Amino acid sequence: MGNKDWRQFDKILVGAFLMLCLIGCVEIYYSTQVAGDSPYLEKHLVRLGLGMLLFVAVLWVDYRVVLNHIWILYALSVLVLAVVLLIGVEIHGSKSWLRLGGVTFQPSEVVKLVIILTLAKFLADYPERYLRPVTLLVAGLIMLVPTGMIILQRDLGTALTMMPVFIVLILLAGIRKRVVALAGVILILLLASSWFVLRDYQKERILVLADPGRDPKGTGYQTIQSVIAIGSGGFTGRGLGEGSQGALGFLPERHTDFIYAVVGEETGFIGAVLVLLLYGAIFQRGLAIAMETSDRMAMYASAGIIALYAVHLAINVGMTLGLMPVIGIPLPPLSWGGSSVVTAFMAMGLLINFRIHRYTV
Amino acid sequence: MFGPSGSLFQKRLILFELALGGVLLVLFGRLWYLQITRADYYREKAEQNRLRIIELPAPRGLIMDRQGRLLVDNEISFSLVLRREYMKDHQMLLRVLRERFGLDPAFVDRKLEEYRRVPTVFPIVLKNRLSFAEIAFAEAHFERFPELTLEWVPTRRYLLGSMASHLNGYVGEVTPGELKQTAFASRRPGDIVGKTGLERFYDSMLGGDKGQQKVFINSIGQITQVVERIPSSKGHDLTLSIDTELQRRAEELMEGQKGALVAMDVRTGELYCLVSKPEFDPNLFVNQLTPAQWRQLVEDPDKPLQNKVIQGAFAPGSIFKILVATAALAEGVITEDTQFSCTGETMMLGRLVHCWNASGHGAVSLLDAIANSCNIYFYNVGIRLGVDRIHHWAVRMGLGVKSGVDLPSERAGLMPSSEWKQRVFGQKWYSGETISVAIGQGAVSVTPIQVARFMCAVALNTEPPVPRLRLEPDDRSRPDRKSLLPAALHHRIVQGMQMVVDSGTGTRARLEGITVAGKTGTAQLINTETAERLKNYETRFKENSWFACFAPVDEPRIAVAVIIEHGGHGGTAAAPIAGEVMRKYFELYPPPGADRLVEARHGQ
């Protein structure tokens with residue numbers, strides 16, 4: 001324990017991640033100019049610094065130590081979510097924030113990592129050819145308890161990202177075809193019934209996807225402005241700080257959930273594709289770690305982490321490109337938003353951790 | 001690695017990786033579509049998003065008097081403008097407008113309703129001439145109320161206040177109804193246009209051309225860059241024939257009266273002063289009039305908004321006798337020596353008619369009839385002439401027809417004729433009706449400017465010039481008009497009018513050193529019998545007092561018409577005012593070799 005093979009430190013993974021951080025900083029800087037001198041970039045840099053510290057901290061401890069005690073963290077997470085439900089602060093309609101001192105943060109972001117690690121540990125502990133229904137049920141509960149609490153915090157976006165991650169992990173563990181079919185039917189029924197559960201504004205967001213002109217000043221407005229921003233970027237972009245949509249403030253949430261639209265507008269097709277390629281590199285390296293590790297726990301965990309960020313990318317970028325409904329989730333590490341950026345650093349730390357402890361027992 | 005199932009996991013992970021590759025490919029494809037295929041379309045969309053065209057109001061032309069003194073100019077002030085595209089909280093807006101800008105919510109809602117069909121890019125001007133506190137508030141709360149913006153607007157300033165108010169008129173925001181009129185065809189909602197008076201008549205000339213500014217704005221409407229700027233061009237200035245000093249003197253003389261006064265150049269028709277009382281302050285209209293103020297102006301029985309010089313139609317009374325005399329001489333129904341006997345009252349066409357002088361004037365010649373204003377004489381002449389010949393000559397000399405002055409909404413008054421009676425009442429004209437027409441009563445009604453114009457015709461012995469307010473270059477060739485009467489007959493009429501001023505009913509209009517020809521008029525509003533029944537009858541039935549004149553007799557230059565409503569006898573109420581106006585005129589524009597006049601005045 002504790003022996004680290006630093007030669008295994010994945011420079012490509014970390015390099016791509018840091019590049020994304022840098023692009024995020026630049027676009028946060030330019031997209032917040034319209035509001036005058038604002039502390040956005042400075043704050044973001046502070047969070048990046050905090051993220052790096054946590055990244056190093058995560059590296060330091062052998063992941064197996066953490067994973068073997070993951071149930072403690074899991075219990076703690078549920079407890080924290082309960083506290084948020086009781087005394088959380090509401091921001092943008094979601095009561096998913098805790099305020100400690102002058103700092104507000106969103107525990108659900110870190111909790112997502114804990115859920116993935118817990119599932120990884122659980123699935124690794126029950127190595128079956130195909131998941132037995134009981135195992136599947138328990139895995140489902142592991143995911144659903146905290147996710148349900150996040151939904152109660154009216155943070156549907158964050159909760160929604162967990163679903164695909166769970167499915168990826170289950171499929172990876174192995175599941176009978178008829179169970180897949182059954183799950184498919186149940187999923188469809190769930191989706192259909194969710195129409196009655198969804199709040200009006202959430203339904204509106206889905207409808208607007210089909211017809212963005214439906215409500216040009218409301219939900220559709222964001223999609224329209226975002227698509228205009230990206231489209232007007234063209235091949236080479238309009239130049240940093242020159243994008244009228246972002247810099248002039250026509251695009252709402254431009255430095256948070258819609259930052260990819262600012263990237264697309266100011267750096268054009270080149271910049272937008274570069275961001276996709278950097279994520280691609282992270283995915284490829286992350287999955288390589290999953291493939292190369294001899295530890296199933298690490299395999300599940302790294303695949304889960306990659307799945308999580310792939311979901312963020314697909315939903316967030318899909319939303320800015322007008323392919324997905326407007327779901328308020330960030331694009332870490334580009335977006336302005338402390339909790340998600342810091343969590344992303346920790347996730348990267350975990351991936352490297354799996355790798356540098358690969359051969360050590 | 002994973003033991004027996006290791007390769008299985010490998011396979012699943014590769015499938016997962018492929019799925020991720022698929023996701024990235026979809027996003028890539030969409031990027032290609034948006035940024036490569038449709039880039040131009042979206043670039044244009046983005047441009048439209050931030051491009052705004054802002055109209056730059058043009059300052060209206062200045063209005064000056066004939067000496068170049070400013071009557072109307074512009075000042076730059078801030079207006080509060082509502083941009084409906086940024087409106088969010090209606091109730092909040094109404095509240096802040098009421099509390100901070102003193103605007104009645106009902107007024108704001110009415111404005112919004114008025115503009116409902118107008119595209120929202122047209123801003124609504126809510127209040128002009130903001131105070132410093134209001135400007136500061138709007139500036140400081142731009143973020144909270146992006147729909148409320150400030151606009152630099154050149155606003156009209158009427159330097160003389162209520163003086164010459166009817167002449168200048170006032171400006172205001174063009175109404176949707178006015179936009180349909182051809183005169184305002186090029187105007188857009190929100191434009192300031194002339195509503196009455198010269199502002200209205202010369203609106204297209206004074207209005208100038210609006211400029212425009214193409215700007216880029218940000219999402220809260222702040223201008224980030226000016227792309228193109230076409231400056232507005234100021235309207236053309238208007239120089240009037242009015243003389244401010246004469247106008248001021250005339251207004252002083254008319255102060256507290258109800259009525260009208262107009263003085264014009266006999267030869268050119270240029271108007272020197274134009275007074276209608278009571279007056280109003282046009283500056284009130286520049287700062288949005290409150291509904292209460294508007295009601296007060298409109299419902300005032302003395303009609304302060306009416307320009308009585310061109311819109312007040314009154315019976316001319318005895319002034320009309322000059323017209324009847326001219327017509328009779330021209331038509332040859334009398335000669336200068338024709339006499340009629342006046343006994344104070346007599347039966348004519350079955351009616352008992354009176355002269356104002358109950359004891360009668362005895363044997364009356366034309367000269368006496370004019371100088372003493374004998375009714376009986378003119379009843380006889382009128383019957384000889386018949387109404388249609390009176391009508392013909394009245395119209396030729398400018399009575400009962402629009403003068404053509406350069407002001408809007410002029411009224412024609414009424415000059416009856418047999419054709420008119422047939423047309424309007426479907427009845428024949430009775431000779432008996434001619435009796436009252438002959439002394440300027442009955443259906444006859446004229447405006448003060450017509451009377452002044454008529455004086456020009458009498459003075460020149462030709463058809464009268466068209467009165468003008470806009471001063472035009474003097475080289476304008478005036479057509480040589482045909483004489484109305486042979487010189488000798490004309491001279492006789494003028495002589496009679498001179499006697500009116502020298503020794504008759506109009507002596508209060510006499511000037512030292514300058515000969516004046518004039519005629520008084522005392523127009524009844526109710527007939528004599530009724531008046532006698534109503535002893536101490538109310539003021540509102542008291543006669544209108546007229547005086548019309550021109551001077552100097554030998555080389556006529558100025559004609560003046562004055563009416564004082566319910567002023568009683570023309571010689572008492574109207575004549576002195578006309579005299580003072582002429583006195584001022586000759587002081588300002590002394591006739592050649594008129595040092596005598598000045599000395600005489602100093603010697604008084």
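In which order do the five strands of the open sheet in chain B with antiparallel pairing follow one another? The views below answer this and describe further parts of the structure. The structure is a predicted model, in which local features need pLDDT of at least 70, side-chain atom pairs count only at pLDDT 80 or more, and totals for chains, interfaces and linings use all residues. Residues are numbered from 1 along each chain as its sequence is written, while chains are lettered from A and ligands numbered from 1 in the order in which they are written.

**View 1. The five-stranded sheet of chain B.** The order of the strands in this open, antiparallel sheet is β12-β11-β19-β18-β17. Strands are DSSP runs of E with at least two residues, helices are runs of H or I with at least four, and both are numbered from the N terminus. Two strands pair if DSSP finds at least two bridges between them. The edge strands, each pairing on one side only, are β12 (271–277) and β17 (517–523) of chain B. From one strand to the next, the twist averages 5°. Seven bridges join β18 (residues 544–551) and β19 (residues 558–564) of chain B in the antiparallel sense; F550(B) has A559(B) in β19(B) as its bridge partner.

View 2. Helix α23 (residues 570–588) of chain B lies across β11, β12, β17, β18 and β19 of chain B, at about 35° to β18(B). Axes are lines fitted to C-alpha atoms, for helices over the stretch in contact, and angles run from 0 to 180 degrees between N-to-C directions.

**View 3. The three-stranded sheet of chain B.** Another open sheet has the order β1-β8-β9 (chain B), with antiparallel pairing. Its edge strands are β1 (51–56) and β9 (223–230) of chain B, and the twist averages 30° from one strand to the next. β1(B) pairs with β8 (residues 211–217) of chain B over six bridges. Within β8(B), K214(B) is the bridge partner of I53(B).

**View 4. The side of chain B that touches chain A.** Here 32 residues of chain B are in contact with 38 residues of chain A (contact: C-beta atoms, placed from the backbone, within 7 Å). The elements giving two or more residues to this side of chain B are α1 (6–37) and α2 (39–50) of chain B. α1(B) gives the most, with 16 residues.

Terms used. Two residues are in contact if their C-beta atoms, placed from the backbone, lie within 7 Å.
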